[in-house]
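Subject: The structure you asked about

Hi,

Here is the structure, ready for you to open next to your own notes.

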Amino acid sequence: MDRHGRAPRALLAVVAAALLLPSWTTRATDNTPSVDGRVRAHLASLREGLDPRAVETLDRIDGLDRQLLAMRSYLRAGASLGERWSWSQAQIDRYEGSALQRALESEIARVRAAFAA
């Protein structure tokens, strides 16, 4: 990513090529790697430096098209990816019944009462 947190233009070109080329162009000929192979290679290089949770999730996503879509979201999120990541079950369990949850529920009740009035 560049200093502004945007995905490199090369990634956008790779994604566009993978999504727009007809399926017959994805076959390798001679010693030329297939388009899918080249896209997979670029995708692999983009994984370096990515949040480990995102890398683990990419490994579980079926299909190159879906992996590219996920990678696009991860790159667009940039440095805020960690903040935006869903909570783990352990984090949910710690939150349930906590002082933070009770304070939030109290504030919600106050806002509802104000709207009802």
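Predicted model: local features only at pLDDT ≥ 70, side-chain atom pairs only at ≥ 80, totals over all residues.

Residues are numbered from 1 along each chain as its sequence is written, and side-chain values use heavy atoms, with hydrogens and water left out.

**Overall fold**

The protein has seven helices and zero strands, so its elements read α-α-α-α-α-α-α from the N terminus on. Helices here are DSSP runs of H or I with at least four residues, strands are runs of E with at least two, and both are numbered from the N terminus. Of the 117 residues, 24% are buried (buried means under 20% relative accessible area, exposed over 50%, and partly exposed in between, with a 1.4 Å probe and protein chains only). Contact means heavy atoms within 4.5 Å. Among contacts between residues at least 6 apart in sequence, 48% join residues at least 24 apart.

**Helix packing**

Two packed helices are described by the angle between their axes and the distance between the axes. The axes are lines fitted to C-alpha atoms, for helices over the stretch in contact, and the angles run from 0 to 180 degrees between N-to-C directions.

The axes of α3 and helix α4 (residues 64–77) come within 10 Å and cross at roughly 165°. That makes α3 roughly antiparallel to α4 (the label covers angles over 145 degrees; under 35 is roughly parallel, 65 to 115 roughly perpendicular, and the rest oblique). Their crossing is right-handed, where right-handed means that the near helix is turned clockwise from the far one by less than a right angle, and left-handed that it is turned anticlockwise. On the α3 side, Ala-54, Thr-57 and Leu-58 meet Gln-67, Ala-70, Met-71 and Tyr-74 of α4. This contact has five nonpolar residues, two polar and no charged (Ala, Val, Leu, Ile, Met, Phe, Trp, Tyr, Cys and Pro count as nonpolar, Asp, Glu, Lys and Arg as charged, and the others, Gly among them, as polar).

α4 also packs with α2, at an angle of about 30° and with the axes 11 Å apart. This crossing is left-handed. From α2, the contact takes in Asp-36, Val-39, Arg-40, Leu-43, Leu-46 and Arg-47, and from α4 Leu-64, Gln-67, Leu-68, Met-71 and Leu-75. Seven of these residues are nonpolar, one is polar and three are charged.

**Salt bridges**

How many salt bridges does the whole structure hold? The search finds four, each one a side-chain nitrogen of Lys or Arg within 4 Å of a carboxyl oxygen of Asp or Glu.

- Asp-59 and Arg-47 meet at 2.5 Å, N to O. This pair links distant parts of the chain, with Asp-59 in helix α3 (residues 52–60) and Arg-47 in helix α2 (residues 35–47), 12 residues apart. Asp-59 is exposed at 52%, while Arg-47 is partly exposed at 23%.
- Glu-56 pairs with Arg-60, with the closest N and O atoms 3.3 Å apart. Both lie in α3, four residues apart, about one turn of the helix. Glu-56 is partly exposed at 49%, and Arg-60 is exposed at 60%.
- Arg-110 pairs with Glu-107, with the closest N and O atoms 2.6 Å apart. Both belong to helix α7 (residues 99–116), three residues apart, and Glu-107 is partly exposed at 37%.
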